[in-house]
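Have the sequence and the 3D view ready.

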Amino acid sequence: MPFTLENQIVLITGGSQGLGTQFARKYFKETKNTKIIIVSRSESKLQTAIRSITSSSLEENIENYNLSNYSSGKKVNANKRLLYSPCDLSDYNSVSALLDILLAQDLSPTQIYLCAGGSIPKLFKDLTSKELEMGVQMNYLTSLYLSHKIAQLQLQSHLIFFSSVTAFFPFIGYSQYAPLKVSMKSLVSILRQELLGTNRISCVYPGNFQSEGFELEELTKPEITREIEGPSSPIPVDRCCDIIVKQLQYGYDDITTDLIGWLLMSLDMGLNKHNNNSIAWMVQLIVGALVNLIVVPFYMAFCKFQIKNWFKKEQAKKDLDNKKKEQ
């Protein structure tokens with residue numbers, strides 16, 4: 001299934017901010033005949049995104065861009081290329097209703113960007129039950145339910161999943177996020193087998209990129225998580241978007257956005273190599289085998305030392321605080 005921007009019906013989840021909005025902006029500015037539908041839970045954020053993408057104050061009533069207002073049989077103006085639809089994609093009935101509206105409007109999506117998600121980096125014990133629930137909903141159910149409906153309806157859509165480099169290397173601080181991204185990676189492998197010949201299945205494993213979500217992550221990220229990650233400057237969101245689109249155009253379906261992501265993927269190819277289609281995959285196999293044998297054992301020992309040392313320091317701080325309180 002060749003990848004082109006033009007003459008598509010593109011559905012973008014998580015379209016109200018970050019990478020989702022950037023994809024919508026790219027399609028809107030670089031195509032003439034493609035229709036774009038952005039989806040998220042927040043209607044106000046979607047409206048803000050619409051104004052940002054069109055670079056105008058939209059004197060026209062913003063509600064005219066709301067796809068949900070066309071559920072009663074009224075047809076969308078054929079010239080309208082950009083629409084939004086508030087939808088809780090972690091609710092299966094809401095996903096079904098969204099697809100019903102799209103099909104009734106002859107807007108069967110040809111490309112679907114499953115961008116919805118977000119991380120709250122904290123130690124596992126410090127997460128609230130609500131934050132754990134949000135992790136499952138945002139980072140797995142949103143993609144699971146929508147892709148399931150596409151499979152059920154037998155729509156020939158190009159599904160573009162968004163996992164994370166933490167799917168290759170889950171580590172301390174990402175318990176609310178990484179396990180769901182690993183699940184996403186597994187789901188992609190299975191769907192490539194079950195939907196073989198009907199749907200192109202791609203999966204993106206982005207590194208850090210500048211966005212609202214990244215800035216929020218920095219507010220709660222434990223210091224030990226920063227130590228393990230090392231210094232990392234997030235790339236601009238438009239550059240991240242362009243890297244992904246270019247690799248899709250070249251025919252790659254397993255996509256990383258930086259060298260670190262490519263190297264981590266090489267360490268984790270395993271039994272699913274027959275499903276992997278990434279840049280220089282043969283080199284990845286060789287690099288992965290060598291690094292797993294020579295480098296990984298020492299690196300993981302070093303990580304274990306870092307984590308133990310950090311916990312000792314944290315305990316020492318607590319003991320000191322307790323002594324001061326007793327005095």
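## Around strand E6

E5, helix H5 (residues 178-194) and E6 make up a right-handed β-α-β unit; right-handed means that, with the strands pointing away from you, the path from the first strand over the helix to the second runs clockwise. Helices (H or I, at least four residues) and strands (E, at least two) are DSSP runs, numbered from the N terminus. This is a predicted model, where local features need pLDDT of at least 70, side-chain atom pairs count only at pLDDT 80 or more, and totals for chains, interfaces and linings use all residues. Residues are numbered from 1 along each chain as its sequence is written, and side-chain values use heavy atoms, with hydrogens and water left out.

| Strand paired with E6 | Sense | Bridges | Residues standing opposite |
|---|---|---|---|
| E5 (residues 158-162) | parallel | four bridges | Ile 160 and Ser 202 |
| E7 (residues 254-256) | parallel | three bridges | Thr 256 and Tyr 205 |

In a regular strand the side chains alternate between the two faces of the sheet. In E6, Ile 201, Cys 203 and Tyr 205 lie on one side, Ser 202 and Val 204 on the other, and all are buried (under 20% relative accessible area with a 1.4 Å probe, protein chains only; exposed is over 50%, partly exposed in between).

Zooming out, the protein has eleven helices and seven strands, and 49% of its 327 residues count as buried. Its average pLDDT (the predictor's confidence in each residue, from 0 to 100) is 89.

Notes: Two strands pair if DSSP finds at least two bridges between them.
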